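User: I'm new to this one and would like to learn how to read it feature by feature. Could you walk me through it?

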Amino acid sequence: MLFSRFQNVLDTYLPEPKQVILAFSGGLDSRVLLDLLATYRDLHPQHHYLVVHVHHGLSQYADDWQKACEGWANDAGFSFVCKKVQLQLQGNSLEREAREARYKAIASLMEPGAVVLTGQHRDDQVETFMLALKRGSGPAGLSSMPERRCFHHGSLLRPLLSVSRNDIEIWGQEQGLYWVEDESNLDQRFDRNFLRHQWLPVARERWPGFDKAVERTARLCAEQESLLDELLSQFDDQIHAHDGAFSLSVLSGKSGQMKNALLRRWLKQSASLSVSQAQLGQIRENVINAARDANPEVTVSGWQVRRYDNKLYLLGRLQDISQWEGFVVPGSCLELPDSVGKLCLSPFSGSGMPIRAPTTNERVSVSFNPEGLYAHPVGRQGKRKLKKLFQEYGVPSWNRRRTPLLFYGERLAAVSELFVCHGFQGNDLEVSLLKNAQRYDDE
């Protein structure tokens, strides 16, 4: 019966050949998934299967777990990859950092349209619901985990989400499977483990139908969220400015509840970011309602929410690159730091800013520090401070030291995407900036 349920879920989401990745920790849940997937593969050989183990190095047994996982995957006839990661705690919990590192490692191996399988089950769903309730979450948080969600450039699938841990354990024992036991799962300093070992057993004894009631409530909350999503989608074109920012004009005349809902939608769509009521209040009070001449910001889960020109911007962690310098030769591109993109100095084609070729004595460099610089844009009268020009051209304050400055020798020749300076006009070459896609940060 367990395999039939597993197969039905996979068949629903795998109508055509795809890459199928199993996130394999070696614990009971993923060990049973490996066993089920081996049978499924024999019936459905059209897919490309891969088993991935992420080595966090957090346990003294991590190397042993890796060897065990590789052996089980090889015995089942699967291709196996181990990805080693290092955690960098930056204000987040250890659990969250480990989860994010695990997801990023798996995402790096995904083909377009890939499906990633994880082993969460009904007991995990109940724990997730209770943790959301403890945090004071609304319907979105209480919806808990969906069976399927978008993930990187594919999807993440939880085929055992409706199955109890007890049923999974019975299957593993009947099949004679072995699995690893993570000693951290007994550490009740972690809220999830406290719920699992202390609170939930008492609740289930008193209320035998507790898990099903939680499952029903989570499903109803998910339905409400789906309906809200459908109703709010009509505002998407108004919410999103051309640069991905949130246009504050859309909030005019809206109720407080609608303002909150639209802000939550933008944050979720932009960075899969869920915010608490308190965090949302900080954004409204300290950013949206800040003085007109202020440069406000609020940090939420590592993201900066900032305001400029009646728009909100969501920024990841930004390095200080103002002292960076690089060199580029005509006909090539230069990779810029901190995911700014590539600056290209290419033969003129009409798609970039036209500029003359450098002379033999003019070495071409790129930097980011506008301090003390003046510029004379082509078509304008006289020089002005670059700081003033940035204001006139509508460059947000945080981008003024992240906008590439092109120099011929010691002279400023162009400011990327804005203008070419007087004395450097021509159509021998063109300057263009190829921006990188927004850096991946999964929930």
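Analyst: Let's start with a term: a residue is buried under 20% relative accessible area, exposed over 50%, and partly exposed in between (1.4 Å probe, protein chains only). Keep in mind that this is a predicted model, where local features need pLDDT of at least 70, side-chain atom pairs count only at pLDDT 80 or more, and totals for chains, interfaces and linings use all residues. Residues are numbered from 1 along each chain as its sequence is written, and side-chain values use heavy atoms, with hydrogens and water left out.

User: Is Cys150 buried or exposed, then?

Analyst: Cys150 has a relative accessible area of 61%, so it is exposed. For the protein chain as a whole, 47% of the 443 residues count as buried.

User: How do I get an overview of the fold?

Analyst: Count the helices and strands. Helices (H or I, at least four residues) and strands (E, at least two) are DSSP runs, numbered from the N terminus. Here the protein chain has 13 helices and 21 strands, and its C-alpha trace spans about 80 × 50 × 40 Å along the principal axes.

User: Into which domains is the protein chain divided?

Analyst: Domain bounds come from an automatic or database domain assignment. In this case you get domain 1 (1-222), domain 2 (234-315) and domain 3 (325-435). Between the C-alpha centres of domain 1 and domain 2 there are 33 Å.

User: How many disulfides does the count come to?

Analyst: The rule is simple: a disulfide is a pair of cysteine sulfur atoms within 2.5 Å. That gives a count of 1 disulfide. Cys333 and Cys344 are the partners, with an S to S distance of 2.0 Å. The pair links distant parts of the chain, 11 residues apart: Cys333 sits in strand β12 (residues 332-335) and Cys344 in strand β13 (residues 342-347).

User: Why is the disulfide of Cys333 and Cys344 called right-handed?

Analyst: Look at the torsion about the S-S bond: it is about 105 degrees, so this disulfide is right-handed.

User: How do I read a surface patch?

Analyst: Patches are made of residues with over 30% relative accessible area and no salt bridge; like charges are joined within 9 Å, and nonpolar side chains (Val, Leu, Ile, Met, Phe, Trp, Tyr) within 5 Å. A salt bridge is a side-chain nitrogen of Lys or Arg within 4 Å of a carboxyl oxygen of Asp or Glu. Accessible areas come from the Shrake-Rupley method with a 1.4 Å probe, and for residues only the protein chains shown count as cover. Here, Phe194, Trp199 and Trp207 form a nonpolar surface patch with about 320 Å² of accessible area together. Trp199 belongs to helix α8 (residues 191-206) and is partly exposed at 35%.

User: Which residues have a positive phi without being glycine?

Analyst: Ser301 is one of them, with phi near 50 degrees; Ser339 is another, at about 60 degrees. Find Ser301 in the loop between β8 (297-300) and β9 (303-308), and Ser339 in the loop between β12 and β13. Ser301 is partly exposed at 27%, and Ser339 is partly exposed at 34%.

User: What can I take from the UniProt record?

Analyst: UniProt positions are given in the numbering used here, feature names are shortened, and annotations may be inferred rather than shown by experiment. An unreviewed UniProt entry places a "binding site" at Ser25, Gly26, Gly27, Leu28, Asp29 and Ser30. In the model, Ser25 lies in the loop between β1 (19-23) and α2 (28-43), and is partly exposed at 44%. The unreviewed entry also lists residues 364-431 as "domain: Lysidine-tRNA(Ile) synthetase C-terminal". Over residues 364-431 the chain is 10% helix and 32% strand, with its end C-alpha atoms 12 Å apart.
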